[in-house]
Amino acid sequence: MKKSLFSFAFFFLFIISQSCLLGQGYIFTDVVRNQATPVKNQASSGTCWSYATAAFLESELLRTGKGEVDLSEMFAVNINYINRMNDNYLRNGKGNLGQGSLAHMFTNIIEEHGIVPQEAYNGIEYDSKLNNHKELNKFVNAISGVAVEMKQRSPEYYKLVKSLMDTYLGPLPKTFSYKGKAYTPKSFAQFLGLNMSDYVEITSLSHIPFYKASVIEVPDNWDFARFYNVPLDEFMGIINNALMTGYTVAWDGDVSEKGFSHANGVAINPVIENPTGEFIKEIYKFEKTFPEVNVTQEVRQKEYESFSTTDDHLMLLTGMVKDQNGTLYYITKNSWGTERNKFGGYLNMSESFVRAKSISVMVHKNSIPKDIRQKLGI
């Protein structure tokens, strides 16, 4: 009972906090909210792809009645490091050895290797309470570089790679106990009951064919996966339909813009009518609303091809709100912990911002409107 009262009180305070951003003039009214697990903290690691996709699947488990499950992000990260080292070697050192990846890499790992709960694998074997992959990633690059230079992956190379992952992240569990039952990673994935083939990635780019699956050129798509491509209005329709029918959406996009302010709990795409320093400074105080850009397919494509829209970060869209002007925003669960803003780690991204700055989304295929599904053949 105490836990229930605490949860209700936390939820009530969260709703209050969402109604006004720092008292600075953004007043939001709910359109729809969907279930999500608590905000986590990727800390000093470029593993947002794992946190966002885990959050997405955790919401799927809530939606399907499995209850709250805390999935291990670092289980997937461990395997992902090894996968990208293999890819880099076969590309003669021209692969992507950074930490970034995309949502399908998480679901692909579950399909091939399974998954474990956080309590079975927290992925921190070094002297830190939170993730810090700076040193680990340097060793990933160093070991990979030697293999490329030597033009071979010796038995010792494979031992070094395993030892590196075991040292920093810990050995992957072969078996573990969860709520009194024994599992392997694969049997735990089966217990969760989610079918990874139900999840698809969607983009909207005019230089590749619409209604077909094509490779998108962002660096984090280092395994050259194919994304279904739809016109921008249908892309937004997919997001809206998913959220309005009880699903969440894993979002990948650009958070490098001045209009993205996690600290203020808002992301906007304002019209810069007067490009003076004072006017721009006024906008980014976030003390009042400003008109936003009308983002067409052409506007979006221009920003993508000029590299203004970049592949920076993955988060989870959990619902929608409207501000006092009727502007639509997407409730967004970040993975930067709960202490970096006053909204428990959430922010609201405007419709204009999402239209312009999205790279792709992952959704359950059943959340896609039927007419669009038919065009895509899924």
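Is Lys365 buried, partly exposed or exposed, and what is its relative accessible area? In this predicted model, in which local features need pLDDT of at least 70, side-chain atom pairs count only at pLDDT 80 or more and totals for chains, interfaces and linings use all residues, Lys365 is partly exposed, with a relative accessible area of 22%; buried denotes under 20% relative accessible area, exposed over 50% and partly exposed the range in between, for a 1.4 Å probe and protein chains only. Residues are numbered from 1 along each chain as its sequence is written, and side-chain values use heavy atoms, with hydrogens and water left out.

Lys365 forms a salt bridge with Asp198, their closest N and O atoms lying 3.8 Å apart, where a salt bridge is defined as a side-chain nitrogen of Lys or Arg within 4 Å of a carboxyl oxygen of Asp or Glu. Because Asp198 lies in the loop between α7 (185-192) and β4 (199-203) and Lys365 in the loop between β13 (358-364) and α12 (370-376), the pair ties together parts that are 167 residues apart in sequence; helices (H or I, at least four residues) and strands (E, at least two) are DSSP runs, numbered from the N terminus. Asp198 is buried, at 17% relative accessible area.

A salt bridge also joins Glu257 to Lys357, with 3.2 Å between the closest N and O atoms, and this pair links distant parts of the chain, 100 residues apart, with Glu257 in the loop between β7 (249-253) and β8 (260-261) and Lys357 in helix α11 (residues 351-357). Lys357 is buried at 2%, whereas Glu257 is partly exposed at 24%.

In total, 14 salt bridges are counted, and Lys40, Glu58, Asp70 and Glu73 are linked in a network of them.
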